[in-house]
Amino acid sequence: MRPTQRERGLIDIPEKHPNQTSSMHKKKRTYNTRRIKRDISYNMQEISELFGIHKNAVRNWFKAGLPKIDARRPFMVHGSDLIEFLNNRQTKRKRKCKSDELYCFRCRAPRKAKTGSIEFIPLSETKLNIHGKCEECGTSTYRAGSIKKRQEYERIFAFVTLAEKHITDRKHPPVNCHFI
Ligand SMILES: [Zn+2]
C-alpha cells in the first residue's frame with residue numbers, strides 16, 4: 001500500500017485554521033532564545049528537547065529557512081543561526097501593524113486609533129512615540145517612530161492639531177457679523 005501524503009511528510013500542518021478569522025487570532029508560541037547557546041551546534045533532537053517541541057516543528061523551521069551547517073545527517077544548526085532565525089520570525093509576527101495602525105496590547109491586535117487621540121511624543125532628537133487610543137477598547141497604545149517621518153505620520157494618522165481640533169469640536173460656530 002502506498003504511504004499517505006501525511007506519512008511521507010508532504011502535508012504541512014496549516015499555520016492557521018481555514019475557519020479562523022483574524023479577530024480569533026490564536027496566540028503563537030514565542031520561544032525564549034536565551035536558552036540557546038550562541039557558540040554551540042545543535043541537532044534536531046536537541047532543538048526539539050530544548051523547547052519541548054516535536055521534531056516536525058524543527059523540520060518546518062528548516063523549510064522556513066533555518067540554515068543547516070551542511071547537508072550531512074544528522075542536520076546540525078549553529079546556535080547563533082537558531083537565535084537569529086527565531087528572533088526574526090518573532091519580530092516579524094509582532095510587526096503586523098499597517099502604517100495607520102498601532103498595536104493594542106489589550107486587544108492583542110493591530111488597531112486603528114480613535115480619531116483625534118493621536119499625539120506625538122518626542123523621545124530624543126531622532127525618535128518619537130506615536131500615542132493613540134485603541135478604536136476598539138480605548139486602551140492607550142503607542143508605536144515607536146522617527147522624528148524625520150513626523151509629517152508622514154501626521155498624514156497617515158489624520159493627525160489633528162489642537163487648534164484644528166478646537167474648531168471641529170465646536171458645535172455652534174460663532175455667528176458671523178453680517179457686513180453689508
Ligand atoms: Zn484595544
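These are my notebook entries on a predicted model of one protein chain.

**Ground rules**

I number residues from 1 along each chain as its sequence is written. Since the model is predicted, I take local features at pLDDT of at least 70 and side-chain atom pairs only at pLDDT 80 or more, while totals for chains, interfaces and linings use all residues.

**Confidence**

I looked up pLDDT, the predictor's confidence in each residue, from 0 to 100. The mean for the protein chain is 80, and 71% of its residues reach 70 or more. I then went to two stretches where pLDDT stays under 50. For contacts I used C-beta atoms, placed from the backbone, within 7 Å. Residues 11–24 are one such stretch, with four contacts beyond four places in sequence. Residues 173–180 are another, and there the model has zero contacts of that kind. Where pLDDT is low, the predicted coordinates should not be read in detail.

**Overall layout**

I listed helices (DSSP runs of H or I, at least four residues) and strands (DSSP runs of E, at least two), numbered from the N terminus. The protein chain has five helices and seven strands. Along the sequence I read the pattern β-α-α-β-α-β-β-β-β-β-α-α. Of contacts between residues at least 6 apart in sequence, 47% join residues at least 24 apart.

For burial I counted other C-beta atoms within 10 Å of a residue's own, with C-beta atoms placed from the backbone: 20 or more is buried, 12 or fewer is exposed, and in between is partly exposed. By that count 13% of the 180 residues are buried.

**Cores**

I looked for nonpolar cores (sets of buried Ala, Val, Leu, Ile, Met, Phe, Trp, Tyr and Cys residues joined through C-beta atoms within 7 Å). The largest has nine residues: Ile36, Tyr42, Met44, Ile47, Val58, Leu66, Val77, Leu82 and Phe85. Helix H1 (44–51) and helix H3 (79–94) each supply at least two residues of this core. I also noted a second, separate core of eight residues, among them Leu102, Ala113, Ile118 and Cys134.

From the largest core I picked Phe85. Leaving aside neighbours within four places in sequence, Phe85 is in contact with Trp61, Gly65 and Leu66.

**Ser48**

I checked Ser48, which is found in helix H1. Ser48 counts as partly exposed because 17 other C-beta atoms lie within 10 Å. Beyond four places in sequence, Ser48 is in contact with Ile53, His54, Lys55 and Val58. I also took the C-alpha to C-alpha distance from Ser48 to Arg59, eleven residues apart in sequence, and got 10.0 Å.

**A cis peptide bond**

I found a cis peptide bond from Arg73 to Pro74, with omega near -10°. Pro74 is in the loop between helix H2 (55–63) and strand E2 (76–78).

I treated two strands as paired if DSSP finds at least two bridges between them. Strand E3 (residues 101–104) and strand E4 (residues 109–112) run antiparallel and are joined by four bridges. Leu102 stands opposite Arg111 in E4, and Tyr103 stands opposite Pro110. The two strands form a hairpin with four residues between them, and Arg108 in the turn has a positive phi of about 55°.

**Sheet E5-E6-E7**

I traced an open sheet of three strands in the order E5-E6-E7, with antiparallel pairing. E5 and strand E7 (140–146) are the edge strands, each pairing on one side only. The twist averages 30° from one strand to the next (axes are lines fitted to C-alpha atoms, and angles run from 0 to 180 degrees between N-to-C directions).

E5 and E6 pair over four bridges, and Phe120 stands opposite Ile130 in E6. Seven bridges join E6 to E7, and Lys133 stands opposite Ser140 in E7. E6 and E7 form a hairpin with six residues between them, where Gly138 in the turn has a positive phi of about 80°.

**Glu125**

Last, I looked up Glu125, in the loop between strand E5 (119–122) and strand E6 (127–133). Glu125 counts as exposed because it has 7 C-beta neighbours inside 10 Å. Its C-alpha atom is 7.3 Å from that of Ile147, 22 residues away along the chain.
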